[in-house]
Structures are given as C-alpha cells and as structure tokens.
Amino acid sequence: MVSFRTLFLTMVISAALGACPYDDVTLHDWSDPDTWPNGEVPDVDSVVKIWKKIRLNVSPPKLKGIEINGGGSLVWGKIPGEEINLNTHYIHIKDGGKMVIGSEDCNYDAKTTITLLGTRGVSSIPDFGEKFIGVDAGGTFECHGKKTLAWTKLTGTISGFNALTLDFRHKEQPGIKNWNGACLYHFSADGTFVKSLFRGANSIDTTEYMNFVTGVPTSDIIAMATQGDLDNNVMSKLYPVVDVLDTTNQVRKHWINDAYVFAARKGDTFKDDIGIYQFGHEYSEATMKLDILGNSNSLVVMSRNNKEVNVDSYVDFLIMDQALANPIIDVVDDVGFWPVGDKIYVTSTDYDWKQVEEFTIMECPQCLTNQIQLNKPPRFSHYGEIFKRVDMRAEVFRTTRNIHITSEVAEGESNGGHIKFLYGFKTVKVENVELTNLGDPLVTGRYPLHYHMCENLADKMIYVSESYLQNNSIHHSQFRCITIHGTHNAKIKNNICLNSVGHGLFVEDGGEKHTLFEGNLALGQRAWTGLINHPITGALPSDREPVTYWITNPLTKMINNVAAGSDFIGIWFLFPEAPIGPSATKNFMRPGEAKHTPVELFTNNVIHSYGKTGLFVDNQLFPNQTVNKVYNKLNTRMTPTDTTSERVPMIFDRTTAFKCRNRNLWIRGGPTIVRYASLAESMEVAALVKEQTSYQLFEKSVVIGLTENLGEPQNVKAKDGSILKWSRSMPKFNLANTIRGFQFRRGPVFVRSCFFGGFQPTDQYNAAAFTHSACVLEFNSRNYFMSTFFDFADGSNAGNRFLHVPCKKQVHSDATLAIKDFKNDFYIVKNIPFTTTEECSYRSNWGAAKCPHDYGQISVYTPPTGNNMFVARTDVNFPIVEVYDQIPSQRFITILGGRFNYLFYFKTAVPKNIFLVGSSITKSKTVVLAYCIPRNAAFNMKFKIGDTELTTTQVNSLEKVQSDTDGGKFFFDQTVGVVFFKMLHNKDFMGELSQCPQNRCPTVNIFIGQGDMSDNDCSGRFQTNPSYVQPAPNGQPTESVEEMPADVSSPPGWIGAGASYPFPQ
C-alpha cells in the first residue's frame, strides 16, 4: 500500500513541474496602476470590476465587491514572507469570468485569507444576496490549497485524567466551586500542594489576592486560572496581582469570554497564556505548563470558558509526569508534514461527543513520522483499539489549511457569508481550503459550500471538467457545511465538517441523484434555536435536532465516511414521496420512486458518539420540509417505477457504530440486508423493523453490549433510586434500563452467522444479546437466529442470550412472541399455557420458555371495529389468550404439526368478512383452525396459496379436514356453530428468506352472507364435544438451570467490519 507521505511527495514534485497560474506572463498585477482603466489602484469601499487577467499580488483595502466579468480573471499571486488578505462584501464570478487560487498541478502553498464583510440587509445581488462568493453560469472558481491528509486514526489509547494516577488534581479537592471567579494555588518547589484561594467574580479583593501572592516563599510555585466569564472590571482587580510576579504578562489582553492562566516559580520563571474567544466558537481555552525542578513532574494549569453553556466551563491544576503533560500520540498515517502550530482535534470515543478535544501540534524532533506531540494533556481518554472487530479508534483530524475563507459576523448575529454555484458554471473545484463562520440560518440558500440547482454535473455537454469539493475543513459554521440542492453526481470527498449549526452534510430536496460522499469526517452539529419560517429562513424544523448526514435520496453513495458525534442522529435516510422544493418540477424522480429505490451504495461507514441514534433509516419528508414520523413505506424494487417488479434489498455493508445512546442502528422498511457490521455499546445495539411482505437479514456481524472502551466515569441512578459513582460510562443514567443487543420487531427478520459478546448482567443492570420490542402485537414466527457465536456463558449467574420483555399494558399482547434458535433447534416463546407443553423448559434468566416445537402465525384481517378476538388451544385445559383489535390484523401463534387445534372467536359481533394469512405454514407443518360463526350462517370460503386458488370442498367431519393434504376442505358443525379448516402449503421451505415457502402464503377468506352475527361465542358448546378436544400436555415446562457455555472468546475474522481504516480495498 502506498503511504500518504509517498503520495504527498509525489504530488509536491508534480506540482513543482506543472505550470502555476500565478506565473502566467499575461497577468496584470493588481498593485500596478496601469492595470486599471482610470490608472488608480482600487481604494477602500470600491466595487472592483475585472475585465482582464489580474494577479492579486497585494492585500487590498476593504472592498464593497468584486465582479469578475467575461474575459476577466483574478489569480492569486504570492508576497514573499507575507499573507494575502482580501476583505470584501462579495465576489461575483460571471459568465466567462475566473477566480483562481492554485491549480490541480500547482497547489497554492502560501497563506491567504478571504473575509466576507457586511451586515444583514445592506445589499442584495440577484441569485446570491449578500456576503458571498458566487459562480454564475459560465463562471470558473478554482481553489486548490496545499495538499494534506484530512484525518487519520489513533493506533493506541490516549489516557485522560480519570485514567491516570496524578500526584494532585484540583478537581478532586473538597469544596471546589464552579462559579465565575479566579482560582489561585500555592505549591512548594517540589510540587507539593500548600494552599489555594478562590473567590467568585463579585468577591475578588485585590488586597486578599496580593497577600496570598506575597506570602508565597521565593522559588515556590504559584499559579492562577480564571473560571467562567470575567469582565474587564473584575479582571482589573487582578492586574496588580499578576504584575507583582512579572510585568510583561498578557493579563490586560483579557476580555469577557476569554480564558487566562499563569504558572510561575516565584522570583525566577513566569509563563502565562490567554485564550481569546473567537466568535462562532463555543469556548475559549488557555493552558500553561511549568516543569518542576528536582523531579520529573510538571504543573499544568487549564482554564476553559464555555460561552454557551457556562456549567461546562472549568479550571484545573494538575501535578503530573512531564511526559504526560505533553504526550506523544501514535496515528496510522505519516503526518510529519502537518505543520507545527496547526490545530488538530481528537474525536470522542465515548457517548458524549463533546469529549472531542482541540490541540496544537508541537515541535517534536524525537517523533516518528506517524507521531504527534500535543501542547497539553487530554482531559478525556480517547480509545485507540479495535475491540473484537469493532474499530473504536478515535479519529485525529487537522482543521488548519493555508487558504482560509471566512466572514465577519457581529456578536449575536448569524449572517455568515456563503459560497454558491449555479447551473451551467464552467468549472468549480475546491480542495484543501479552510472555511469558517459561513452560512446563515435566517435566509434560505446560504451555506458554506452550495451546489444550487446545477442538475447533472456528469453532463459533459454542460460541465466539461469534473467538479468536486474535497479535503476541505469546514468548521465553526453559522449554518451547515455542504449543501447539495437540485444537483446530481456531486462529489464530496475527504472533507471535515466540525461544529456547524443545523444539518451538516445536507441533501436538500430528495431529487438529488448519485451524490458521492466518500472519506468525509463530520461531527458536532448543533441545534438551531432561533426563528424558523421556511422557505424564508434556511433553517428547517428538523434543524432543532440536526443530523450529521441528512440523506433524502436513496441514489446516494456513502463510502468510508465517519459521523463522529452530536446530540442527535449520525446518518439519516428519509425520503419524500416525490422531490420537493424547486426540484418538484424538474422530473428528477417520479412520485413514489424513492421509496422503491435501493440505497445506491453504503459501505465502510463509521458512526459513533450520538445522543440518539447512529444510523437511522425511517420516517418520511413532507413537502414543507417537516418530518412525518410514521414508517417510511420503503419497499425496494428491481425497477423502482414498476411496483410489480421483483423486490431487491437495500444493502448496508461494513457499518461500524458504537456509543450511540439510544441505538446504534435502526432500519425500517422492506427487504434489507445488513452484513459485516460491527456494533457495540448502546441501549439497543441494533434493530431491523420489517414493514412489507419481505424479509430483513442481519448476517456476519458483531454485536457487543459493553466493551473495554470504558469511557469516563459517571454518576448513575441505581435500582434502589440512589445515585452511584460508576467507574465507566453507560448509555443511560438510569441503570434500570436493560442493555439490549439485537432487538426483534415484527419480521420476518433473520440473524445468521453473527457474534454476540458483553451481555453479562450485574446486580445493578440487566443485559441480553437478543430481546424483542415490548407489547409486541405483530411478531412473525419465522424470526430466527442461526450459526451464532457467544463469548459468554448463559445462566442465572452468567450472561443472557435472550430476555423476554413483558408487556405491562395488555397482558396477552406479547403472546405472539416466537423466535427460533436454529443452532439448538428450539423456539423461544412466552411461558404461558397457550404456547408451551411439558416438552418445553423455562429459563428464569430469560423470562421465557424454550420449546422443541415448530410454531406458525395466523394473521386475521377484519374491518377495524374495536372487536377483540379470543383464541383457545383446544386441549382439555383450553388455554385462552385475548388478541387485541389493531390495524392491520389480529395475530396469534400456533404449535404446528397436528397435536393441537385452535379455536378463535370475536368478543362481540361476528365480522361479515375475515381474511386469514398463515406464516411459517408448510406442506409438512400445518395447523387446523376452528372459527365460531353463527349457527344459521350462510357463508363462503376461499382458499389460496399465493395467487393460486384452491378447490373449496365442504366435508362432513373434522377427521377429513385433519387428513387434508391438498387444502381447501372445511367442515361446518351447525349445531356448535363452528367451521374447521386447515392451514397448509404445497411446498416446504428450501432456504428462502421469506415468511412462507416461495414467498407464497396460504390464505383463507370467510365471507358470511347472512346469519345471527351476535352468535359469536361457541366455545362452551365446542368443549362439550369430546372429539373436538385434544389431550392436555403431560405437565408444565420444567425449569432449565443448566449453563449454556460460551462458544468462542472473540469473533472469527470473517465476521464484522474489522479495521475501518486504512480503507479496505
């Protein structure tokens, strides 16, 4: 495999050999008066109109705007030893105009900053508004920064403060306060704590602080940190205190929202640091380290002032080993070319995404090319291992780029600048650029990078050259990162999206086809809390709970991306019925086409550290951009515009997801395959919800409850209601919540060749590899798991392979529970007389029985009337369950094979028409049903297998129904008021992934033309006929207490995603 360093050097050499745009001899220098029509270089507040080829070789004064017209070019030059800064309200690139910073063959390697200026509503240019770089039809925008590696991963865990043994830590001292104020510490020369002083902002007294400082002996250590917001009036009381130690300090640079620290050896060394608050950032941070003489320790002083959430502000004073104070971290790639002084971040690997930490790269002569020395110790642990084929290694990414595009935004405003590309542009290529403080949630269509109604970028008749947005760093934006709107074949590759308001990477109308998201890393999408009045505002109702990747068209390719945390959802697939907004009239997709279209490609994507869900496939998008939180009606077809064509599955390959609080993966809809997934640490690790007459398959995947990635200690609520200090992070505060692995819902859902680990309960919380949704009303008897591996023993004092979740609302609503364990050849069912026999055994740790029988499911479809149904197994004990009326059907399970028959009847009036569907019914596994109908009923019956209608024959005895091998026979006992018939199929299963052989189910339709519909309950008369009643089971299920041993200690190498980086080939 070619290393990035080798590739990087190759590109540098290639660039050196290629022609650089700024070397074009036909360019005219901006600084030359002869370049301009009036012989004067543009002055402040000018609107500069460019008609010729101009080289920007100076930093101009602030401009009102730049218009690049046909035949005109603005090409960035270089100033030796200086940075070019361009400050303007807008740059309008018109038809035939060009704005060029570097090229593909000659990346621009100097520093330059473009700042977009202006207050809201001052000016408006058609199609673009204000504060923009806009590319019209025929325009060219090429921006090629210095080649870089956008991100990499750790190869070893970095330990945070809670995982280290520290000689001293302020946070562990009794009585510390979290108020705004100033904290002062005295340590002896060897680092031993002596005393401290803290006063709140309103109580700071200069004399008291001066007395503290003057009382510290020479050569002892003294340190201070500001905590929270301190205004200039408060800080001025500290000026004399700091001046006593060193008059060259930075304390007077402090402003409200800033952070300030110092560390000093009295009479010898003084060092201070100030963290200047940058608008758009949520915090300012200052850190200082002072090495202690005579031993190998250092004092580290830290202050972080969180402007938005003051309770997240903190100070800390730590005595720690010098090597830990400026740790060296190991990463996968060669990063020796990442410049000293650049900003990098290490993502959270815990449930809280806000444990992402910012660092500065230090000079490190001893570092290898895949090592980085950090300017401060990490507060939090960042996991760096692949645990049982779940790649939980933290990402390390660099936000600094040499080309920086930003905007001025006043305090309290959100009107960031934006970059917009319109239909028919000639060239748009943006790479290796840093973009900050861009976007505007209060005006529609204003985003940091925005393809707007460009239609098909692959149409070479319109777009001659390839367009792309790649390797850019978009962070601390006012609104979004990248928007794809009414545009097909957009290529979004290897970008960073950090700390943006609203959805991060945004596919807007649902008509955008063949978007490629590849190698992007995005995190930290923050909720918009201001005005929403779409389409006037860009902000949508869904921006209250923003999503990192908002995908509204299934024809999207997602490869090697990372969603690294926010408070809500990582990747959300949801589609409108038809494209909405301006795309609605473009015929991009037909009505209903999206819900019948499989996801184009989804492979090797990583999702972690979300407050709700990692990967979410559900719900619908309304034309007004609100979310309809009903099921998505996905039912994917070979030909999406032909709903009679063959069903084909959505496929999700090599998904890695961990530490998402509610669930890592939720996929709802029609045929679906999830394979080679690695999922760990969530309240509910995975759930597939089948809604259509099809299947869902979960195979060759790893599912783990708790791992060795412990995260940070936290407070939890114990079972007795007390608050405990827990040694590791947990998905929920309340330990009464069960940690669930794979959750069966409806079905059929098939789990094959999967590994389950880490589901051992304790005295405080429960855990289980398999569970089901509580109060399950629609549960398919074809649900199964087979060829599964467990790394834990199952038993009363071990782990739980399964856990029954009792329904507290309706006592019998979970009686349809039936899951087959193919490996051990038993069904898991609710432990009630209706579903069990003496051959079953009860496992107390499961709360369920395991039975050697085969089970089928009967669905009874009736008009919705609120009429509950009763079902009895017709043995001597006559166990009955009540089946609650619901849409679309009432369901119950049966033991197949002929040992028992089942009688069902309605609570009130008999419906005129019912339609029954049998699931798991085969040629060899059948069941006889009995239905109470009026004794004077005139009725018709129709039997089918799939679409094939069977011959209906009335016979004169139950025995002839029981011996029926072809189907279609029924017996009506008019004295009792019961009709008997047999549910059977003409085929057995041959490996189909379906609820019935050949995906053709047996059905029976019973239509009552006339009769006394109040004659609904025949159960009493039925039981008086001994020929209708089978022998009772010979006893109750016995308790199964034997331990089921673990299968393996780790998953086989062919299961799960494994290493997600370097990207698999």
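I am working from a predicted model.

**Entry 1: the seven-stranded sheet**

I looked up the strand order first. The sheet is open, has seven strands and runs S72-S71-S74-S76-S81-S80-S79. Its pairing is mixed. I then checked the edges. Strand S72 (880–883) and strand S79 (953–954) each have a single partner strand, so one side of each lacks a neighbour in the sheet. For the S72 edge I went through the bridges. Strand S71 (residues 869–873) and S72 run antiparallel and are joined by four bridges.

**Entry 2: the four-stranded sheet**

I turned to an open sheet with the order S13-S21-S20-S19. It has four strands, and the pairing is antiparallel. Strand S13 (168–169) and strand S19 (283–291) are the edge strands, each pairing on one side only. Two bridges pair S13 with strand S21 (residues 314–321), in the antiparallel sense. Arg 169 lies opposite Leu 318 of S21.

**Entry 3: strand S28**

I asked which way the side chains of S28 point. In a regular strand, side chains alternate between the two faces of the sheet. In strand S28 (residues 395–398), Glu 395 and Phe 397 point one way, and Val 396 and Arg 398 point the other way. All of these are buried. Next I looked for partners. Strand S12 (residues 151–153) is joined to S28 by three bridges and runs antiparallel to it. Strand S23 (residues 343–346) also pairs with S28 over three bridges, in the antiparallel sense. I picked out Phe 397 in S28.

**Entry 4: helix H2**

Which residues of helix H2 (residues 206–214) are buried? I found Tyr 209, Phe 212 and Val 213. Viewed down the axis of H2, the buried residues fall within an arc of 95°, so they line one face of the helix. I then looked up what they pack against. The list is strand S14 (181–187), strand S15 (193–200), strand S16 (221–227) and helix H4 (239–245).

**Entry 5: disulfides**

I counted six disulfides and wrote up some of them. Cys 364 is joined to Cys 367, S to S 2.0 Å. Their link is right-handed, with 80° about the S-S bond. Both Cys 364 and Cys 367 are buried.

Cys 932 and Cys 1018 form a disulfide with sulfur atoms 1.9 Å apart. The torsion about their S-S bond is about -70°, so this disulfide is left-handed. The pair links distant parts of the chain, 86 residues apart. Cys 932 sits in strand S76 (residues 927–932). Cys 1018 is in the loop between strand S82 (1002–1010) and helix H7 (1019–1023). I note that S76 is also one of the strands of the seven-stranded sheet. Cys 932 and Cys 1018 are both buried.

Cys 996 pairs with Cys 1001, S to S 1.9 Å. A torsion of about 95° makes that disulfide right-handed. Cys 996 and Cys 1001 are buried.

Cys 143 has 0% relative accessibility, so it counts as buried. Cys 660 is buried, at 0% relative accessibility.

Technical notes: Residues numbered from 1 in each chain as written. Predicted model: local features only at pLDDT ≥ 70, side-chain atom pairs only at ≥ 80, totals over all residues. Heavy atoms only, no water. Pairing = 2+ DSSP bridges. Buried < 20%, exposed > 50% of the residue type's maximum accessible area, 1.4 Å probe, protein only. Arc of directions from axis to C-beta. Contact = heavy atoms within 4.5 Å. Disulfide = S-S within 2.5 Å.
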